[in-house]
Amino acid sequence: MKLPFLMQRRTLAIAIAAAGALMAGICLEPSGLLIAVTAACICCGWKKGLVAVAAADLLAGAILFWPASAAAEAPVNLATFVATSAGIWLLVLVFRSVRFYDRVYEGMRPSVADIPGLGWFAYPDGRLRFINPAALSFVGISAEEMRHLMDLDDVSWFAKFIHPDDVERCLVNWRHSMKTGEPVNEEARVRRHDGTYRWFRDTAIASRDERGRIIGWYGHTQDIEDQKKAEAALHERERELRLLVDTVPSLIWLMTPEGLPYYFNKRFVDWAGVEPGDAASGIGQALATYAELIHPDDRADALALFHQSFAGGEPLSLKYRLRGKDSWYRWIDSRVEPLRDETGTIIRWYGVNLDVEDEVRSQEALRLADERLSRALRAASLSELSVSIAHELNQPLQAVVANAGAFRRWLSADPPNFEHAGRIAEKIIRDADAAAQVLGRIRALFTQTTDHRNLVDLNAVITEVCELTADKLQSSNVRLETDLDPSLPATRADHVQMEQVVFNLVRNGIEAMQVVDAGSRALRIVSRCRGDDRLEVEIRDHGPGLSDLEKIFDAFYTTKQDGMGMGLAICRSIIESHGGRLWADNVDGGGASIKFNLPIRATEAGAEDMKSPTGSVRSREAVRASPGTA
Amino acid sequence: MSVAESRTAERPLAMLVDDDASVRDALAELLNSVGIDSITFASAHELLEATLPDRPGCLVLDVRMPGLSGIDLQRRLASSGISIPIVFLTGHGDIAMSVQAMKSGAVDFLTKPVRDQSFLDAVSAAIAADIARRAAATVSRKYVALYETLTPRERQVLRAVVAGTQNKQIGFDLEITEVTVKLHRSSMMKKMQVGSITHLLSAWQSLPADIRMGDS
């Protein structure tokens with residue numbers, strides 16, 4: 001009989017109690033009260049039960065000692081009644097709570113069969129007690145087979161479902177848990193009914209009674225195959241990334257947002273012989289180590305740039321020498337980039353060092369080769385120049401010697417021929433003068449020291465030359481046009497040489513036009529600025545033009561009847577020694593245009609190329625990446 | 001041909017080629033002072049275009065000249081069969097160039113500035129060589145003309161005689177009698193205008209190589 005409602009139970013209890021009390025009153029027999037006491041104890045708790053016991057005892061006393069029926073054994077009966085009622089009270093007190101607990105949990109305790117997923121239940125000694133239907137169908141055994149497993153007196157009942165490689169480990173853990181009562185938590189491959197294994201996590205806890213004794217093991221087995229696969233894939237990717245980082249032929253290092261190195265890749269470790277270094281092993285130590293690796297000459301500058309970069313959060317690219325494991329310093333190209341989170345805060349710095357020693361070396365070798373080549377070229381042009389000087393000097397000298405011989409012979413003739421001798425003496429003087437002029441020109445050519453370079457106004461030079469050649473222009477019927485830029489800045493140059501160049505070009509122009517009709521002979525001289533740093537002078541004639549625009553600058557090349565082919569070669573060497581350029585063009589519609597340009601220099605600075613042989617860190621600053629590349 | 005003209009024709013003439021007018025002029029003056037006539041050219045081309053007088057003399061060439069160089073001119077002349085002696089003048093001593101020039105038959109290779117006496121010596125030597133060359137050429141021309149008058153048989157005998165062959169042997173070789181050989185031989189000696197074997201040999205030597213080597 002089940003009375004699920006409290007009211008029904010109470011009503012029934014009161015009815016029974018009332019029936020007992022009534023029977024006791026009618027029969028004058030107190031034992032009927034005991035049922036009422038019991039009902040009160042059960043239904044109303046032990047305090048009210050105690051009151052009921054006391055009331056029943058008093059009532060029993062009244063009945064037993066009722067004068068009409070008082071018996072001699074009444075005291076003994078009362079004592080028995082009191083003892084019995086107290087016994088009932090005590091009994092209910094002790095068992096009432098347990099029964100209640102059992103009643104509450106009886107309906108609520110879930111069945112192992114209802115556990116979602118795969119579940120099982122084992123006896124405290126590890127033997128199988130139950131496997132839920134989901135688990136049964138997963139491993140593919142029938143209930144009959146399960147019963148057979150249950151009958152096995154063995155803790156290793158699960159072995160046949162576990163991957164052979166995992167069985168040993170699982171058994172050890174299982175036995176350990178049974179001995180200590182610790183929960184089971186392990187991962188193992190479980191065989192599915194089709195024979196494939198999947199990864200499962202097995203968790204089981206001991207179920208204990210109120211006294212703490214293990215009454216069984218409840219286990220839950222969860223499929224973690226996908227998780228496991230994802231984990232494995234993640235591991236694989238991580239491994240590959242690490243492999244990549246370690247294999248990439250660069251030295252890779254990581255730094256904290258403050259710029260303290262905390263990781264070096266394997267190559268870096270192998271290259272520099274540093275400790276792999278992780279976050280745990282003293283960050284300051286790692287930085288000190290890194291700074292020590294930098295060549296002492298580059299260290300201060302490089303660290304300053306690093307600190308500047310870390311402070312400003314800007315990427316950095318610079319070159320310096322870093323010490324390798326073998327204690328040799330090698331040039332490296334070091335790049336550092338910050339990694340930022342979505343809020344723009346720097347999380348860490350990535351550093352990549354590329355060994356550019358070979359590159360730097362080959363550049364150096366190239367530069368040296370270049371230098372040797374230009375030296376050789378200078379030597380070659382010097383020897384060429386000496387040949388032409390010899391030629392230029394030999395001509396007048398030869399004339400002097402020959403004329404002097406003739407002079408002497410006419411004088412020593414019998415009779416002396418003074419008329420002839422006098423005429424030849426004139427020639428000797430003329431030739432000696434020519435030799436002196438050649439010497440003067442050579443001296444001018446070789447005194448190209450910067451000491452003679454002053455601020456020169458090329459417009460003034462052009463004007464002077466035009467004045468000097470005015471006679472020749474007039475006698476050659478050449479019309480002169482000038483278009484000089486009044487804002488042409490002065491530049492540092494050798495005034496005499498500039499005059500020499502302009503003079504040569506003007507004379508060439510005049511001579512080139514001797515073959516054309518006198519009416520069209522016009523020479524045009526233009527000066528202008530080219531950009532901010534160059535000025536240009538153009539001398540254009542209306543002659544027949546040039547057949548070879550480069551060869552005319554070769555020594556000994558001439559198109560003139562009496563030229564030696566030195567003028568333009570010398571002009572070019574003068575302009576080039578001033579850092580400029582001299583070239584020729586043919587003009588559409590006839591004529592040649594010779595142009596030269598010169599750098600605009602107000603001071604000596606900049607006269608020399610800023611070319612240091614090895615290039616210090618400081619000069620590398622120019623290669624710093626702009627913040628925009630971040 | 002008048003006596004005066006004939007004397008001028010025999011007087012040596014130096015031909016100067018130099019691009020520098022003052023040098024040309026001065027060298028001409030120097031030669032003039034020792035009585036050597038000279039004509040000057042400003043370039044090799046000018047010389048090639050001119051008609052050269054048939055007089056003993058020499059060429060004085062500057063090596064380095066704009067346009068055709070002295071060495072180029074020497075080559076050009078040699079290829080057109082003109083074998084006039086050449087004196088080279090150069091601004092700088094270029095050994096390779098001078099070796100080449102001398103191999104090609106230059107008389108001298110002088111470095112500017114050359115001493116007046118050295119120059120005159122070189123020119124004189126060149127002129128002397130040219131006179132000798134011209135004389136040899138005259139003799140050769142004369143004997144070639146005489147050789148042309150010989151009959152084929154006489155030419156055969158001439159070859160045999162200068163080779164030192166005895167008359168008897170010549171007769172045997174040519175399958176004629178010794179008497180006939182003697183007749184051809186005396187006729188040949190007469191035609192060649194020589195009186196002795198020695199004279200005949202020198203006349204033979206002056207003949208051009210193609211005649212001497214040519215088949216009989």
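# Reading strands, helices and burial in a predicted model

Q: A:V184 has A:A204 of β4(A) opposite to it. Which strand is joined to strand β4 (residues 197-208) of chain A, and by how many bridges?

A: The model is predicted: local features require pLDDT of at least 70 and side-chain atom pairs pLDDT 80 or more, while totals for chains, interfaces and linings take in all residues. Residues are numbered from 1 along each chain as its sequence is written, and chains are lettered from A, ligands numbered from 1, in the order in which they are written. In general, strands of a sheet pair through backbone hydrogen bonds, in a parallel or an antiparallel sense. Two strands count as paired if DSSP finds at least two bridges between them. Helices (H or I, at least four residues) and strands (E, at least two) are DSSP runs, numbered from the N terminus. Here strand β3 (residues 184-191) of chain A runs antiparallel to β4(A), and 8 bridges join them.

Q: Which residue takes a positive phi in the hairpin of β3(A) and β4(A)?

A: There are 5 residues between these two strands, and A:G195 has a positive phi near 95 degrees. β4(A) also pairs with strand β5 (residues 214-223) of chain A, antiparallel, over 9 bridges. One bridge in that pairing links A:F200 to A:D223 of β5(A). The hairpin of β4(A) and β5(A) again has 5 residues between its strands, and A:G212 in its turn has a positive phi of about 90 degrees.

Q: What is the strand order in the open sheet of 5 strands?

A: In a regular strand, side chains alternate between the two faces of the sheet. The order in chain A is β7-β6-β10-β9-β8, with antiparallel pairing. β7 (261-264) and β8 of chain A are the edge strands; each has a single partner strand, so one side of each lacks a neighbour in the sheet. Direction ignored, neighbouring strands of this sheet are turned by 30 degrees against each other on average, with axes taken as lines fitted to C-alpha atoms (for helices, over the stretch in contact) and angles running from 0 to 180 degrees between N-to-C directions.

Q: Where does β9(A) find its bridges to β10(A), and how many are there?

A: Strand β9 (residues 329-340) of chain A runs antiparallel to β8(A), with 8 bridges; A:L318 has A:S334 of β9(A) as its bridge partner. Strand β10 (residues 346-355) of chain A is joined to β9(A) by 9 bridges, also antiparallel, and A:P338 stands opposite A:W349 in β10(A). In the hairpin of β8(A) and β9(A), A:S327 takes a positive phi near 70 degrees. Helix α10 (residues 296-312) of chain A lies across β8 and β9 of chain A, at about 145 degrees to β8(A).

Q: Is A:W271 buried or exposed?

A: A residue is buried if 20 or more other C-beta atoms, placed from the backbone, lie within 10 Å of its own, exposed if 12 or fewer do, and partly exposed in between. A:W271, in helix α8 (residues 266-272) of chain A, has 22 C-beta neighbours inside 10 Å and therefore counts as buried. Two residues are in contact if their C-beta atoms, placed from the backbone, lie within 7 Å. Apart from neighbours within four places in sequence, A:W271 contacts A:L251, A:G324 and A:K325. In β8(A) (residues 316-323), 6 of the 8 residues are buried. For chain A as a whole, 27% of the 630 residues count as buried.

Q: At what angle do the axes of α15(A) and α16(A) cross?

A: Two packed helices are described by the angle and the distance between their axes. The axes of helix α15 (residues 495-512) and helix α16 (residues 567-577) of chain A cross at roughly 145 degrees and come within 10 Å. The crossing is left-handed: the near helix is turned anticlockwise from the far one by less than a right angle, whereas clockwise would be right-handed. Residues that meet include A:V501 and A:L505 in α15(A), and A:C571 and A:I574 in α16(A). In α16(A), 9 of the 11 residues are buried, among them A:L568 and A:R572. A:G579 follows α16(A), with a positive phi near 80 degrees.

Q: How many residues does each chain bring to the contact of chain A with chain B?

A: Chain A gives 25 residues and chain B gives 22. On the side of chain A, the largest share, 17 residues, comes from α11(A).
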